[in-house]
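Me: I have a structure open and would like to talk it through slowly. Could you help me read it, one piece at a time?

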Amino acid sequence: MITAAQAIVKSLEMEGVSVVFGYPGAAICPFYDQLAHSSIRHILVRQEQNAGHAASGYARIAGKPGVCIATSGPGATNLITALATAYMDSVPLIAITGQVSTELLGRDVFQEADITGAAEPFTKHSFLVKNAQELPQRIKEAFYIASTGRQGPVLIDIPIDVQKNMIEFDYPQTVSIRSYKPSTKGNTAQLKRVLNAMQQARKPVICAGGGVFGARATKQVKQLAEQCSIPVVSTMMGLGVLPTEHPLYFGMLGMYGCSVANKAIHESDLLIIIGARVGERAMSNTGLIARCTRIIHIDIDPAEIGKNMETNIPLVGDAKQVLKQILEQNPTLETADWLDALRDWKRQEKPPIIASQSGYVNPNRLVSLLSHKMEGDSIYVADVGQNQIWSAQGINLREGRFLTSGGMGTMGYSLPAAIGAKLAAPEKQVVAVCGDGSLQMQMMEFATMCQHSVPVKLVVMCNNRLGMVRELQDIYYQHNCIAVNLDGSPDFCKIADAYGINNAFVCSDTEVEHAIDRMLESDKPYLLQCAISPEANCATD
């Protein structure tokens, strides 16, 4: 017999968990008491939301669920934004929360919150475990649900008295949930329709989304594109599916994407969407596209197919599995004229350029230099705001990854996610890029970086504005810029000094290359603060 708290820790060990991110409190103390006797590494963050973001960054790089821990009440509710962020971007997470004693549930006692109810819209599933003997089974189910089908967060809420109960520990080897049977293999009849449509196409395009990474299907997407000579465009979450310089890659779609990518899908006669939810930021005017183009949509989640765009051939399944099935049929296409036309459009395209200004760093130049100087398999984590758009527009990805909060657009994501990513891949260079607004939502995690010696590099684009809001107000609200000045912000380099973090400040293009070199050469946490013009826009100007 062992305590249920011991059983939770043993269950995590049996799932192969080596690191968890959390913030303790009274209602989760029995679990922490037992975690102290485990080899599982605990990363103490400085706010619960950041435990969720760190677990999310870890999961996206490790390819398995990240785990975050919080106590009851405000600790648990602080996790909700991170759960919603992971839910929107289909990231597998396990969130374990403490809860008040079973007999006190529903009585509004100190630090009680109905977290399973509150988090329901933002989780794949949630468990309130009142029977301690059920815990191993529920944990096994949670990992299974989080990491299969459309991946996402699962929450396990455990009252403190349940954690203290004694149980017979028997961890299940397998799990079977009657109402949950995600399809992974593509339907044979639909596959035949896909192959027929491909054979007839003369102007096909693959649109790759973040689901390609979730399915670990980048190799298959590349193989399909190269074997069939099909051009590829990506959503922001799909950046890096093909290297930026790959001859079949034609850029990012959407309102902040490049014109050749948008023109490609509008001119195509067959659009093959893989692991993308067709959000309005990636594809506007979906009705027009659907009228002019045959659409194949491959997704593990049947609810996504046809939700935002009418689809001619739906194909439900795991992208890796489905693409393997397609490749087994050795399809070939004749697309030489189509590729010539796309390459001609690409040559004519003028990239967004911001004119350099005295006293400021050009953000286009900053992103270009940074991504070229980073190692080929580096991880670039962008926050949300203008820094995200400049990064997505200008990054040059080779074999690395681009992480950001795509669906929810959560400010304050980059640093904790970068910490998680670095712990998942210690051998890789990890750089987080944020604005001065988003930095002030997360800079308490400087302490986490230092305490746990996680050498993330942080670049702050500092324009003393909530730049994206300022830009929108400027363009769409007759220049009525309100509540966007960040007057009162501290000197971030002095803040870094206070934590013992190496740092530098640059305010000209002539300084920035050397500053990036020094940052990347450092084997410790580093902050590079770059002055950006308050008037710089993401749109071309």
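**Talking through the model**

Reply: One place to begin is a side-chain contact: the side chain of Gln 429 makes a polar contact with the side chain of Ser 378, at 3.0 Å. A polar contact here is a pair of N or O atoms within 3.5 Å; within protein, one must be able to donate a hydrogen and the other to accept it, and residues adjacent in sequence count only if both atoms are side-chain atoms. Please keep in mind that this is a predicted model, in which local features need pLDDT of at least 70 and side-chain atom pairs count only at pLDDT 80 or more, while totals for chains, interfaces and linings use all residues. Residues are numbered from 1 along each chain as its sequence is written, and side-chain values use heavy atoms, with hydrogens and water left out.

Me: ok, and which backbone nitrogen lies 2.8 Å from a polar atom of the Gln 429 side chain?

Reply: That is the backbone nitrogen of Glu 375.

Me: where is Gln 429, and is it buried or exposed?

Reply: Gln 429 is placed in the loop between helix H18 (414–424) and strand E17 (430–435), where helices (H or I, at least four residues) and strands (E, at least two) are DSSP runs, numbered from the N terminus. Its relative accessibility is 11%, so Gln 429 counts as buried; buried means under 20% relative accessible area, exposed over 50%, and partly exposed in between, with a 1.4 Å probe and protein chains only.

Me: what does the side chain of Thr 71 reach?

Reply: The side chain of Thr 71 reaches the backbone nitrogen of Ala 27 at 3.3 Å. Thr 71 lies in the loop between strand E4 (66–70) and helix H4 (74–77), and with 6% relative accessibility Thr 71 counts as buried.

Me: which strands does E7 pair with?

Reply: Strand E5 (residues 93–99) pairs with E7 in the parallel sense over 7 bridges, and strand E6 (residues 125–128) pairs with E7, also in the parallel sense, over 4 bridges. Two strands pair if DSSP finds at least two bridges between them. As particular positions, Gln 99 has Pro 159 in E7 as its bridge partner, and Ser 126 stands opposite Leu 155 in E7.

Me: and what do E6, helix H7 and E7 make?

Reply: Together with helix H7 (residues 135–147), E6 and E7 make a right-handed β-α-β unit. A crossover is right-handed if, with the strands pointing away from the viewer, the path from the first strand over the helix to the second runs clockwise.

Me: new topic, aromatic rings. How many aromatic pairs are there?

Reply: Rings of Phe, Tyr and Trp (its six-membered ring) pair if their centres lie within 6.5 Å, and planes under 30 degrees apart count as stacked, over 60 as edge-to-face and the rest as tilted. By this rule the count comes to 7 aromatic pairs. For Trp 338 and Trp 345, the ring centres are 6.0 Å apart and the planes are at 85°, so this pair is edge-to-face. Trp 338 is buried, with a relative accessible area of 4%.

Me: which charged ends sit over the rings of Phe 250 and Phe 213?

Reply: The charged end of Lys 346 sits over the ring of Phe 250, 5.2 Å from its centre, and the charged end of Arg 401 sits over the ring of Phe 213, 4.0 Å from its centre. A charge sits over a ring if NZ of Lys or CZ of Arg is within 6 Å of the ring centre and within 35 degrees of the ring normal.

Me: last one: what is the phi of Ser 90?

Reply: Ser 90 has a positive phi of about 55° although it is not a glycine. Ser 90 lies in the loop between helix H5 (80–88) and E5, and Ser 90 is partly exposed, with a relative accessible area of 21%.
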